[in-house]
Amino acid sequence: MRQKMRKIEKLWQEIEADTTIGSGTVIRRYGAQFHTPLFVAIRRKDLKRCLAFEFKMRDSSNGIEKIGIKGIEIEVIDNPNGGYYLLLMLTESDNNSIFSSLAEDLIFSIKNDATELEGIRLIHQRVLIWKAIFDDLIFEGLSINAQVGLFAELSFLEMLISCESVQLGNAVRSWVGPNSGNRDFEIGGWAVEVKASRTNNHQKILISNERQLDSTLLNSLFLSFFSLEMQQSAGLTLNMKVSAIRALLKNRPAEAFDFERKLVLSGFLDKHLARYDENGFQIRSNICYHVDIGFPCISESDLPTGVG
């Protein structure tokens, strides 16, 4: 299915096509409805695409400037009207679509009433996610284990979308794992942690941190475990699973946008589609456990002081 061109992509193309603009860095606000000073920019000398954040306190961006990312340059330039612009600049045009997704994710993640320090802090967090995507995934794609994990999460999301008792918007919104949430799905007082295994022997569930199965402050917490069998040129591929969900969201542009944004944050990039056609998966079983009193797990409150 052909994806609708993003607003940010249109803005960059308009600046690139405007031959009346001189040298330097051309900066345009993303939208008047956003109070946060975020801008789309182009460096004219080499037509490098940038996302720009306006700020006043020079030292507040020091932590971000020190982050090294393959394919992204980070620099600070003076604002002629006072203050500074923090530029996140793409160095390779082959990654334009990925950069567009990440840039819009950042724009929509910053609240309109965010202070300058809050905005800088969120940009710092997002740039660290960018680093993982550009340094490791953008050139090679997801590992087999990462494909297994994403396939399981998407399988659960597909079930939520198809469930009549769950509103479609809430289903997509509840997928918070790509946003570095403690659990994979969380909304309205309930949460679900999704785990998967493709081994044929005795299966173990690995918990990566003490908060994944900590039900504190939650009404209900569940663990959904998928036992998968991986086959070459058989079963459902990761691409098929993504296409199936895209089809379910084809008439819901807001939810489709949110889904595409989270796919990129999960490391799923269309440039690696051929790689993900190599292996297919079949769901051998899916068991859902209610994490309640007596469930074998370690919560944050069980850990001694200083351990975490």
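1. The lining of the largest cavity consists of 7 nonpolar residues, with no polar and no charged ones. Ala, Val, Leu, Ile, Met, Phe, Trp, Tyr, Cys and Pro count here as nonpolar, Asp, Glu, Lys and Arg as charged, and the others, Gly among them, as polar. The lining residues are Leu 38, Leu 51, Phe 53, Leu 86, Leu 88, Leu 106 and Ile 123.

2. This is a predicted model, in which local features need pLDDT of at least 70 and side-chain atom pairs count only at pLDDT 80 or more, whereas totals for chains, interfaces and linings use all residues. Residues are numbered from 1 along each chain as its sequence is written, and side-chain values use heavy atoms, leaving out hydrogens and water.

3. The structure holds 1 cavity of 30 Å³ or more. A cavity is a set of points on a 1 Å grid over the protein atoms alone where a 1.4 Å probe fits but cannot get out, and lining residues have an atom within 4 Å of a point. The volume of the largest cavity, about 30 Å³, is the space filled by probe spheres set on the points, which are joined across faces, edges and corners.

4. Strands S3 and S5 each supply at least two residues of that lining; strands are DSSP runs (E, at least two residues), numbered from the N terminus. S3 (residues 48-55) and S5 (residues 84-90) pair in the antiparallel sense over 6 bridges, pairing being assigned if DSSP finds at least two bridges between two strands. Phe 53 has Leu 86 in S5 as its bridge partner.

5. An open sheet is formed by 5 strands in the order S1-S2-S3-S5-S4, with antiparallel pairing. Its edge strands, S1 (25-29) and S4 (72-78), each pair on one side only.

Key: Helix = DSSP H or I, 4+ residues; strand = E, 2+ residues; numbered from the N terminus. 1 Å grid on protein atoms, 1.4 Å probe; cavity = no way out; pocket = protein on both sides within 12 Å on 5 of 7 lines; lining within 4 Å.
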